Every structure is written in C-alpha cells, then in structure tokens.
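Dear colleague,

I am handing over the structure we spoke about, and below it you will find my notes on what turned up when I went through it. Please read them with the structure open beside you.

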Amino acid sequence: MLDLKYLLNNKKEVVKKLSSRNFDLQIINEILDNGDKRNVLIHELELLQAKRNKLSEEIGIKKRNGEDVSLLLDEVNKVKIEIDEADKAADALVSRVNVLMQQVPNLPYDDVPVGRNDEDNVCVAEHPNLGRGLVKNVEAHYDIATKLNIIDFVRSVKLAKTRFVLYKNDGAKLVRALANFMLDSHIEKGYKEIMPAHLVNSNMLYGTGQLPKFGEDLFKIEGNDLWLIPTAEVPVTNYHYDEIIDLSSPIKYVSYTKCFRSEAGSGGRDTRGLIRQHEFHKVELVKFVSEEDALKEWEKTVNDAKSILDKLEIPYREMLLSTGDLGFGSAKTIDLELWIPSEQKYRETSSISIYKDFQGRRAKIRYRDESGKTKYAYTINGSGLAIDRVIAAILENYQNPDGSVSIPKALVPYMGKEIIKPE
C-alpha cells in the first residue's frame, strides 16, 4: 500500500505514474477529496477543542468565585457533542480512504518503460544459443509426455477437472529432481529454506496484495478463513508479518510449494499441457531488504533466477515489463521467458519483482535504519523457477528423433539417468 502522506504531498507525480498504469484516477480524486475534507474536519476539531478548553477554564474560575456555571456547563456539553460528531465524521473519512488506498497499485520506478500492455514490454537480453539453440520441428510436450507415459492428462481430469495434471514414473521424478536442483542451487547462494503450509488466512493475502482486489483468482476453503496459496510469496513474505526485523544485511528465503490459482478470466487460453494449470509446482525466492540495498538486491535476484536456466541450458530472454503490464504491487519487474519450440515462442517462467515498501506497509514488516528510525521493509520476490513450465521446455528442447528425451547435464545427478525413453 502506498503512503497516504506521500500521495497527498506529491499529487502530480502520483497521478502521472498511476495514469501510466491504466489506473482509474477517479479513485485518486476521491482519496484527495476525502483528504481535504478530513483536513477541514481536523481544523474544526482543533477549534472546538480549544473552545472546550477555554470554557473549562472559565468554569474553574467561576466555581472558585462561587458563581453559577450552569450556562457554561450547557455550552460545554454542546461543544462535546459537536466534537463527537466531528470525530465520527473524520473516522468515517479515514475508513473510506483506507478502503480506497487498498485499491491503488504501486508506483513504478522512473526507468520502467511506459506502456499500455505486454506488447510494450522491452527485451533487455536474449540467450538463444544455450543448449541446442532455438529448436524447431518437435512434438508438443503434452504429446511426447503421453507417449513416454510420464504424465496422465486424461485421468487428472477424471480426478479433478481440466487444468490439473498427474505426473507419474519419470515425470514425477522429474518434478522432484527439478525442485531439489533449484533448492540446492539457491541455498548455495545463501538463501534459507522454508517449507510453509499451503493454506493461509485473509490477513496474509492482504499483506502481499492479493486481497481484496484479486479474490476471484484464489481458491477459498468454504466455511473457513483459509485460502490455498497462489504462490509461496504469500506465506514466506508474511513469515515476518507485524515484526521489526534486522536488515543490516538482506534476509533471503527459498521455498518449494504447490501453488493454486483459479485462472479466472483467462478465457480458455493454454488449456492443453502444462502452461496454465490450476495447481502447479514452483520454487520461490523472497528477500527482505533495506531501502538502500533494494535495487542492487533485486538485480542479484534476477541473476539467481537466470542461473537456473543457464545451468539447464534452456534458451530464454529477459523482458522488462512496461507500466501497463506490471503486477498490482510491483514497482519494477523482469520476466524470464524460456523457449517453447512447439509454439515457436518464449513463455514466462519467472517474474522477479521489487515492491519498494508496498508489501512491508501492508504486512507491517519494519526495520530500523542506521539512525534507529523505524521504516517499512522493502520486499523482492520471484520464481526460481516455475517447475511445470520448465518441464514443458525440457521435453521439447531436449527431445530426440527416436522419441526419447535427454536430461540436461545439471539435472542428471538428481534424476540418476541421462535419458527418458518410451516404456
């Protein structure tokens, strides 16, 4: 959540940056209008309180002199009623502003490209020569997986519904291998592993910005204040919910979880295969950093996520998202998109975002700077990586003419074999 004082004191900047995010500025106008009304009420309250204090002094003097104070007492009571009414009106305005502020996205950094949607994203680097290069003329991952008998798409629908998947045999082993490989790689870089629950309460989703705006994208447990996590970002970021933490050096966590998304409004896109599932596997990177270390640590996080694709030798590109394509809480995001040969296009497998103090403010995560002043922590997170999409890329990029699939060299020790063959 944005700082209300900053918004009120920097109206032009806020309006300019939010307009580049396709945001409804009527919400900002209402916030500003209510802010002005509250300022008027506060001024009125100060005058009423001063009047009450003056009357109280007069009552004290008259009582000491034995004079009648009944009229003054009536006037004080009237002033108290006016103060109560003004207080209630001010509280109502504050409540309304808080509701509106929850709907306001983060302000992008100045170097984020201005644009309306993903078509305005900027490719900052491309790595097309990794592994076998930009492979062509291969079977789609869902077809080769079925022939290899490592994924069962038919029975997964019977067990649940469409957009769920059942891994088996070497497919199940491949999920475990990738999860362990990614975890080990990030732990070597100083990340501490967390294995959280897959259910969280509403406060946690509010803390990271999924609620109240994106409730329809989540799975809720009926009759309970519990939700399935859309990403490990939610429980891991909220691990320090309402705490003051030591950020003399960055705090770095890595977590492997299943993730759950309703994909509301996806319009039937990517219904085949592993690209867009209701339940999927992901390794997540989360950092808590000081304001001073934030951008430097964000760049390191991007490199940490990239290192997985480099080791797996899967071609990919780096996309700097435009203002119109940024996530709700993000101030700057790099997407890593890996090569999917059957589609002859790149597909996102990680979004590494820096949130400034947007999540820290919502989740009340604070730290003390060198002068001892309490500030809200800056947060960073990103996939390291989305496992199902990496599996799709491996099945296609490492596919052989005989129908087998080679295992990337870095993954061989985790798989215990160099190739997956048809049974």
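Predicted model: local features only at pLDDT ≥ 70, side-chain atom pairs only at ≥ 80, totals over all residues.

The charged end of K356 sits over the ring of Y109, 4.6 Å from the ring's centre.

As a reminder, a pair of aromatic rings is described by the distance of the centres and the angle of the planes. The count here comes to 6 aromatic pairs. In one of them, the ring centres of Y253 and F288 are 6.1 Å apart and the planes stand at 80°, so the pair is edge-to-face, given that planes over 60 degrees apart count as such. This pair links distant parts of the chain, since Y253 belongs to strand β8 (residues 251-260) and F288 to strand β9 (residues 279-289), 35 residues apart. Both Y253 and F288 are buried.

Another pair is formed by F328 and F358, whose ring centres lie 5.6 Å apart with the planes at 80°, so this pair is edge-to-face. F328 is found in the loop between β10 (316-320) and β11 (332-340), while F358 is in helix α11 (residues 358-362), so the pair ties together parts that are 30 residues apart in sequence. F328 and F358 are likewise both buried, and ring pairs link F214, F328 and F358 into a cluster.

Turning to the strands, there is an open sheet of 8 strands with mixed pairing, in the order β1-β10-β11-β12-β15-β9-β8-β4. At its edges stand β1 (122-127) and β4 (192-193), each with a single partner strand, so that one side of each is left without a neighbour in the sheet. In general, strands of a sheet pair through backbone hydrogen bonds, either parallel or antiparallel. For β8 and β9 the pairing is antiparallel and runs over 10 bridges, and C259 stands opposite F280 in β9.

Which cysteines did I look at for exposure? C259 has 0% relative accessibility and therefore counts as buried, the limit being under 20%, whereas C123 is partly exposed, with a relative accessible area of 37%. A disulfide is a covalent bond between the sulfur atoms of two cysteines, and the count of disulfides in this model comes to 0.

Among the helices, α2 (residues 11-19) has V14, K17 and L18 as its buried residues. These residues cover an arc of only 95° around the axis, which puts them on the same side of α2. The face of α2 turned away from that buried side carries the exposed residues K12 and K16. What covers the buried residues of α2 includes α1 (4-9) and α3 (25-64).

Helix α3 also contains V40, which counts as partly exposed at 48% relative accessibility. V40 and Y414 are 374 residues apart in sequence and, C-alpha to C-alpha, 66 Å apart in space.

Technical notes: Residues numbered from 1 in each chain as written. Heavy atoms only, no water. Disulfide = S-S within 2.5 Å. Buried < 20%, exposed > 50% of the residue type's maximum accessible area, 1.4 Å probe, protein only. Helix = DSSP H or I, 4+ residues; strand = E, 2+ residues; numbered from the N terminus. Arc of directions from axis to C-beta. Contact = heavy atoms within 4.5 Å. Phe/Tyr/Trp six-rings, centres within 6.5 Å; stacked < 30°, edge-to-face > 60°. Lys NZ or Arg CZ within 6 Å of the ring centre and 35° of its normal. Pairing = 2+ DSSP bridges.
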